[in-house]
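Here is a short tour of aromatic rings and their surroundings. Have the structure open while you read.

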Amino acid sequence: MWASEISKETLTDEIIDSLLFDGLDDDGTEADCIITLGSKKAVVYRVPVAAEAFFSGRSEKIMLCGGKIRDFPNGRMTEAESMYQKAVGMGIPKESIIVEKRSQNTIENILCSLFELQRSMRLNRVKSVLLVTAAYHMRRSINTARYLFSAHISVYPSPADDTATKRNSWMSTAVGTERVIAEALNIAECVNNGVFPDFEI
């Protein structure tokens, strides 16, 4: 089955598992930068994963992406600014952090991160990045990045679990089921709109 053929009627648990999770484990690869995509709960689930990779010596730079303004416990600010406060609070040096606070969605996360990579590190010097986002969101994110990034930049996954969409338990709650189905349909829409190429599941 091809991703472009996905519909609500054709989705099964097995297709969802293969589509969203298969082959996207973190293999421990080192990278020039850890790119962390924003969300309302990124400080809870994604920043700690990025911080662990940083403190493990897998990269000297960490980028925090997200321009959506939200109400957080620490005030009203962009996702990236909230993530920045969390990262600094975890001990990541300010000089190691790149903040991208203009993007409004996944595609813009990727495009705006390219601009920040150029401004901070020079794109021609960047050979690899580690991409951190929710596990169920990784396929769409990494396919977008691999399609839009320059061919010389390798993109590696570093998925972060949240409570509702873990690979082995998303089907046990209505929230988890709703989220993964919506994500699967979003991937099909991206393929059919030419955001990234079709692929076989």
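In this predicted model, Phe55 is partly exposed, with a relative accessible area of 46%; buried means under 20%, exposed over 50%, and partly exposed in between (1.4 Å probe, protein chains only). Local features need pLDDT of at least 70 and side-chain atom pairs count only at pLDDT 80 or more, while totals for chains, interfaces and linings use all residues. Residues are numbered from 1 along each chain as its sequence is written, and side-chain values use heavy atoms, without hydrogens and water.

Rings of Phe, Tyr and Trp (its six-membered ring) pair if their centres lie within 6.5 Å; planes under 30 degrees apart count as stacked, over 60 as edge-to-face and the rest as tilted. By this rule there are two aromatic pairs, listed here:

| Pair | Centre distance | Plane angle | Class |
|---|---|---|---|
| Phe54 and Phe55 | 5.4 Å | 75° | edge-to-face |
| Phe196 and Phe199 | 6.5 Å | 40° | tilted |

In the tilted pair, Phe196 is buried at 3% relative accessible area, and Phe199 is buried at 15%. Asn143 is itself buried, at 15%, and belongs to helix α5, residues 138-148 (helices are DSSP runs of H or I, at least four residues, numbered from the N terminus).

Finally, look at Arg102: its charged end sits over the ring of Phe115, 4.5 Å from the ring centre. That label requires NZ of Lys or CZ of Arg within 6 Å of the ring centre and within 35 degrees of the ring normal.

Conventions:
Helices (H or I, at least four residues) and strands (E, at least two) are DSSP runs, numbered from the N terminus.
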